[in-house]
Amino acid sequence: MLHCGELYDSSLCDLVDEQTSLLEKLYDFNATRPSQGAERARLLKEMFAEIGEDCYIEPPLYSNWACRHVHFGDRVYANFSLTLVDDTHIYVGDNTMIGPNVTLATAGHPVSPRLREEFCAQFNAPVRIGRNCWIGAGAVVLPGVTIGDGSVIGAGSVVTKDIPSGVVAAGVPCRVMREIGPEDEEYYFRGRKVPDCFKRGKD
């Protein structure tokens, strides 16, 4: 029901009961202290559909299904107040960085007021974010969107359509601004040069 893309009644009791049970673990994660890194990692392994090595998520974390339908690769970093509307699957590739107050939403509702009122009608479409992306603070990624490898999404953007690999995209709605190119290896911010020690790469 959740994963086929069809309309369904989101108020069905069996769904609500299942969600409530899962959200208990999310509550425990958000209640951990900063010194409880091992406990946070254990809870994330239990909650997520998949979570790779060396991932870090800064509480608070919000999720409709306590990350049951979320798949993170290795070394994913998410700053505080990440919201995962994971009514169906969310995929995030290795080495992706997610700024504070980002929303990744898979759930939508029909425009028809009657369908929303009479049936609590909902549909879901997966979100896919490639490897080595950077999603800026306050960005919102809407249902069914794919973001290609290596792309940067500007802060505050609303991503309504697919974004290709290797670009900088920003705005409301989010649009491709330019390709990522050689100049990005030379300058990192407003004319500031990348230090030589970063050009050599890690040993």
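**View 1. Contacts of leucine 2 in the predicted model.** Not counting residues up to four places away in sequence, leucine 2 touches Tyr8, Leu15, Trp65, His69, Asp87, Thr88 and Asn124. The model shown here and in the other views is predicted. Leucine 2 belongs to the segment before strand 1. Its relative accessible area is 10%, so leucine 2 counts as buried. Between the C-alpha atoms of leucine 2 and glycine 191 the distance is 47 Å, and the two are 189 residues apart in sequence.

View 2. Strand 1 is joined to strand 12 (residues 121–124) by two bridges. In one of the pairings, aspartate 9 has alanine 121 of strand 12 as its bridge partner. Strand 11 also pairs with strand 12 over two bridges, in the antiparallel sense. There, alanine 107 is the bridge partner of asparagine 124 in strand 12.

View 3. An open sheet with parallel pairing has the strand order 2-5-8-13-16. Strand 2 (50–51) and strand 16 (146–147) are the edge strands, each pairing on one side only. Two bridges connect strand 2 with strand 5 (residues 70–72) in the parallel sense. Isoleucine 51 has phenylalanine 72 as its bridge partner in strand 5.

**View 4. The buried face of helix 2.** Helix 2 spans residues 37–47, and its buried residues are Arg40, Leu43, Leu44 and Met47. Viewed down the helix axis, these buried residues fall within an arc of 100°, so they line one face of helix 2.

View 5. Two aromatic pairs are found in a search of the whole structure. One of them is formed by tyrosine 56 and tyrosine 77, which are stacked at 5.9 Å centre to centre with 10° between the planes. Tyrosine 56 is in strand 3 (residues 56–57) and tyrosine 77 in strand 6, so the pair ties together parts that are 21 residues apart in sequence. Tyrosine 56 has a relative accessible area of 36% and is partly exposed. Tyrosine 77 is also partly exposed, at 28% relative accessibility.

View 6. Asparagine 79 is located in the loop between strand 6 (77–78) and strand 7 (82–85). With a relative accessible area of 19%, asparagine 79 is buried, because the cut-off for buried is under 20%. The side chains of asparagine 79 and tyrosine 77 make a polar contact at 3.5 Å. Apart from neighbours within four places in sequence, asparagine 79 is in contact with Glu58, Ile98, Gly99 and Pro100.

**View 7. Cysteines without disulfides.** The number of disulfides in the structure is zero. For cysteine 55, the nearest cysteine sulfur is that of cysteine 67, 11 Å away. Cysteine 55 is buried, at 17% relative accessibility. Cysteine 120 has a relative accessible area of 33% and counts as partly exposed.

View 8. The peptide bond from proline 59 to proline 60 is cis, with omega near 0°. Proline 60 sits in the loop between strand 3 and strand 4 (61–63). Valine 172 and proline 173 are likewise joined by a cis peptide bond, with omega about -5°. Proline 173 occupies the loop between strand 19 (167–170) and strand 20 (175–179).

View 9. Most residues other than glycine have a negative phi. Aspartate 54 has a positive phi, near 60°. Aspartate 54 is part of the loop between strand 2 and strand 3, and is exposed with a relative accessible area of 63%. Asparagine 132 also has a positive phi near 60°. The loop that holds asparagine 132 runs between strand 13 (127–129) and strand 14 (134–135). Asparagine 132 is partly exposed, with a relative accessible area of 45%.

Notes:
Residues are numbered from 1 along each chain as its sequence is written. This is a predicted model: local features need pLDDT of at least 70, side-chain atom pairs count only at pLDDT 80 or more; totals for chains, interfaces and linings use all residues. Side-chain values use heavy atoms; hydrogens and water are left out. Two strands pair if DSSP finds at least two bridges between them. Helices (H or I, at least four residues) and strands (E, at least two) are DSSP runs, numbered from the N terminus. Buried means under 20% relative accessible area, exposed over 50%, partly exposed in between (1.4 Å probe, protein chains only). A polar contact is a pair of N or O atoms within 3.5 Å; within protein, one must be able to donate a hydrogen and the other to accept it, and residues adjacent in sequence count only if both atoms are side-chain atoms. Contact means heavy atoms within 4.5 Å. The arc is that of the directions from the helix axis to the C-beta atoms. Rings of Phe, Tyr and Trp (its six-membered ring) pair if their centres lie within 6.5 Å; planes under 30 degrees apart count as stacked, over 60 as edge-to-face and the rest as tilted. A disulfide is a pair of cysteine sulfur atoms within 2.5 Å.
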